[in-house]
Each structure stands twice: as structure tokens, then as C-alpha cells.
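Please look over the sequence and the structure before reading on. The paragraphs after them give a guided tour.

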Amino acid sequence: MAILKLHGGKQATCTRRVATVLHELQVPFELIEVDVANGAHKSPEYLKIQPFGQIPYIDDDGFLLYETRAICRYIAAKYPEYGLIPTEPKANALFEQAASVELTNFDPSASKAGLQLWIRKMGYPFPTDDKIIADNLETLEKKLDAYEAILSKQRYLAGETITLADIFHLPYGVFVTYAGSESDSVMNRASRPNVARWYKQLISRPSWLAYLDGVTTTTAY
Amino acid sequence: MVLKLYGMPVSTCTRRVATVLVEYKVPFEFVSIDVAKGEHKSAAYLQNQPFGQVPYIDDDGFILFESRAICRYIVDKYPAPAGTTPLVPSDIKGKALFEQAASIEYSDFEPYAYPAVREKVFKAMRNLPTDQAVYDSSIETLDAKLAGYEAILGKQKYLAGNEITLADLFHLPYATLLAKAGSDLMTTKGPNVTRWYNELCERPSWNAVKDGAKSFSSY
């Protein structure tokens, strides 16, 4: 059986999300870099695989899949022993609730602010906008007050154990902290000790630390 | 105890859940939340839904919020009606392709359809000033995204394959408001999107709740 191929970008945000989960699940993979700088992701051949012209996608022994959360869910379902998607019906429903919270209450503002803060930190030559960053961080602060209420009652977003719903907050959960400092940022405020505790746990995971300098082919764990 | 759906009758997310309850013929009681009076932001409400949003369900004491999570829970708990295929596939690859389609709805459709509808429909309803620039750029991006849909739907009937899934139904509440917002993209972008959209609009479950969610004690 062929090694799983992750087609994406070494530093690309969504490629990192998939690599983090592959690492969590100890799945060997080969990173195949897509030449985004030269528009390879918009070529007719690429669009046949990913019709929206986005990275990443995977090729799992001929099975092609795109959309990072779908990729992560597919891999997690192949290795249920890791428990990243609970299977008991009510636990599964609470996982889906948490996964939806990430999509609807975190990602819209975190990805808008986070992408721009990441562009600035990496020194990429793309325009950024102080107001977009500020407005989205303001929205995120309010959303995280609700996270504080949830996380004051349980360790993780879906219950007492970590699930994909928590891990989906990477990498944007880290990028939005670039507007602050290590001791005080939107994810790490004294006023929200439970969010800070949960965030620190996420960024301590070996799967996140493994690709701090970018995603690389990983054949052994 | 019969399932209770707490929401606002014409809310997009409330109708998203009601559609799936009706698809699966699940009896439910609809309880209207007085959003105009801010009931969804009360301390009591926030105990059940910490983000102060509608809807949520109470299934015999089990509380769940986020419309897409509720829909998935319904499909997981109840059998598909006789003669129909489940709205979420159970085989690993079929499920993966469903998740891909569900993610497309959330990443490539909602971020553009929602602001367009918010500016021209929701804000107008509340006599708030609308931002034409936001509407224009949202529709421009949605137009480009629907090219992806046109390609997918030229090869298969629905977004996850040849059977309808939740991923298709999730589009209904905002897709059907685009015309009211002033955009006919759903029926002009391309023949495949048009065919798919019109089929979705004809679903009896959607038609049962499109003008407002309500209780269903039997089917």
C-alpha cells in the first residue's frame, strides 16, 4: 500500500492542520509541495482534483479527498482507537456540537485575523489591514467568553478528553496570538483562565510542536 | 418525552434543523424563543446555549446546540424513512466524501451567502443601513465558488455523490434567501447548479417548514 500523500504547502495554514492530525494519529505521510507561487493550484489539471483551486488535498492509495476537516475526520475514523472522534451516540453528538462551534464561532474571526497576522509574521508580500485584524480580534474576544463558560465545566470542548474539535483550532488559534505576547494574548488572558489552560495544552502537544518550522514528510514516529 | 426544538420560526438555522426532523419524520414540539426581546441572551438561555444563539434542542433532557450538529444527531439516532438512503453515509469512504461536501458548504458557500443575505435581507428587516460593498464582494466571491459547484454537479447528482445528504440540505436556508437579497446566482450560474438547487427546493421536508418552523406531532 502506498504511503499517504499530502499535497499542500510546507508553511501553508491548512496543510499544517492536516499534518498535526496525521501526527496525532501516527500516520506516515509524504508532503508533496504544490507550486502555489506559480499558480499550480489553479491549473486545469489541479482543478479536476480540487475544483475550488485550494490546498491541501490527500491521495490515500488512490482515494482523493480535500477540505482539511474532512481529511482529518477521514483519518481519525480509520484509527478510532485514538478516540479523536467519540463513537458513543451522545458523546459523538457533543463532539459534533464542539466541531460546529469551531466552524461557526471561532474560525470566521480567527482565520481572518490569524491569516493576516501570520502573513505579517512570515514577512509575505501580501497586503494586510489593521482594521480587519482589530475588528476580528474583537469578535473573537467575545466568542472566547463563551468558551470560558464551557471550559470552566469540562477540560475540553466536547468533554473530558481531547477530540478533533479542539485540534481544529490549530493553527489559527496560534496565529491570533501574534497580536499579543506570550503572557497576554487573546488565547491567554488572565480574565479567561480556562481558555488559557486549554490553549496551553493544545500547543504543548507533540503533534503541534513537530511542524513549528513547517510541514515535512514523516515516515516514522 | 417528545423532542423540543427551541428557536425562531423563520430563523435560517432553526429551519435547517426543522427540515431534517421532517425528513426523518421525527415528532417534535417547536418552542418559540422571543429573539426580538432578547430572550436568547438571558442568563437562563445562556445556560443551555452559551453563545446566545438559536436554535437548540432538548431531547428528553439531552441538550444540543449548533444546527448542523443537531441535524447530524438526528440522522445518527433515527433510521432513514423506508425507501430512502440515510442522509449521512456510514461506509468510511462514503462518509469521507460526505464530510468533504459538508465542509464545502461551510467553507465555500456560507461565508459568502450569509453576508449577502444579512446586508440585503436581515438588515432591511430591522431598518438598519446596508453595506452595498459587502454585498457586492460577497456575491462576486460566491459566483466564483459556484464554478466549483458547477464542476462537481456535472459529474454527480449531489455534492457527496449520487444520493442526497445533509451537505446538500444544509444549503437551503441561505440559498433560498439569495433571490430576496437580489441575486439570482442559484438559477443562473450554470445548468448543473440550477438543476441541483431546484431539486432541493422541491423537497417536501423543506416546503413543510420554509415559511416557519412549527410543531409536528405526526407524519
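The model shown here is predicted.

In an unreviewed entry, UniProt lists residues 91-219 of chain B as "domain: GST C-terminal". Over residues 91-219, chain B is 69% helix and 0% strand. The C-alpha atoms at the ends of this stretch of chain B lie 29 Å apart.

Next comes a pair of helices in chain B. Helix 1 of chain B spans residues 12-23, and helix 3 of chain B spans residues 67-77. Their axes come within 9 Å and cross at roughly 5°. An angle under 35 degrees counts as roughly parallel, and helix 1 and helix 3 of chain B are therefore roughly parallel to each other. On the side of helix 1 of chain B, the contact is made by B:Cys13, B:Arg16, B:Val17, B:Val20 and B:Leu21. Helix 3 of chain B contributes B:Ser67, B:Arg68, B:Ile70, B:Cys71, B:Ile74 and B:Val75. Sorted by class, this contact between helix 1 and helix 3 of chain B has 8 nonpolar, 1 polar and 2 charged residues.

One residue of that contact can be followed further. B:Ser67 belongs to helix 3 of chain B. Is B:Ser67 buried or exposed? Its relative accessible area is 4%, and because buried means under 20%, B:Ser67 is buried. Setting aside neighbours within four places in sequence, B:Ser67 is in contact with B:Cys13, B:Arg16, B:Val17 and B:Pro55.

B:Ile104 has 1% relative accessibility and counts as buried. Which residues does B:Ile104 touch, not counting those up to four places away in sequence? From chain A they are A:Phe52, A:Tyr66 and A:Glu67, and from chain B they are B:Phe109, B:Tyr149 and B:Ile152. B:Ile104 and B:Gly148 are 44 residues apart in sequence, while their C-alpha atoms are 9.7 Å apart in space.

Note on methods
Residues are numbered from 1 along each chain as its sequence is written. Chains are lettered from A and ligands numbered from 1 in the order in which they are written. This is a predicted model: local features need pLDDT of at least 70, side-chain atom pairs count only at pLDDT 80 or more; totals for chains, interfaces and linings use all residues. Side-chain values use heavy atoms; hydrogens and water are left out. Axes are lines fitted to C-alpha atoms, for helices over the stretch in contact, and angles run from 0 to 180 degrees between N-to-C directions. Helices (H or I, at least four residues) and strands (E, at least two) are DSSP runs, numbered from the N terminus. Angles under 35 degrees count as roughly parallel, over 145 as roughly antiparallel, 65 to 115 as roughly perpendicular and the rest as oblique. Contact means heavy atoms within 4.5 Å. Ala, Val, Leu, Ile, Met, Phe, Trp, Tyr, Cys and Pro count as nonpolar, Asp, Glu, Lys and Arg as charged, and the others, Gly among them, as polar. UniProt positions are given in the numbering used here, feature names are shortened, and annotations may be inferred rather than shown by experiment. Buried means under 20% relative accessible area, exposed over 50%, partly exposed in between (1.4 Å probe, protein chains only).
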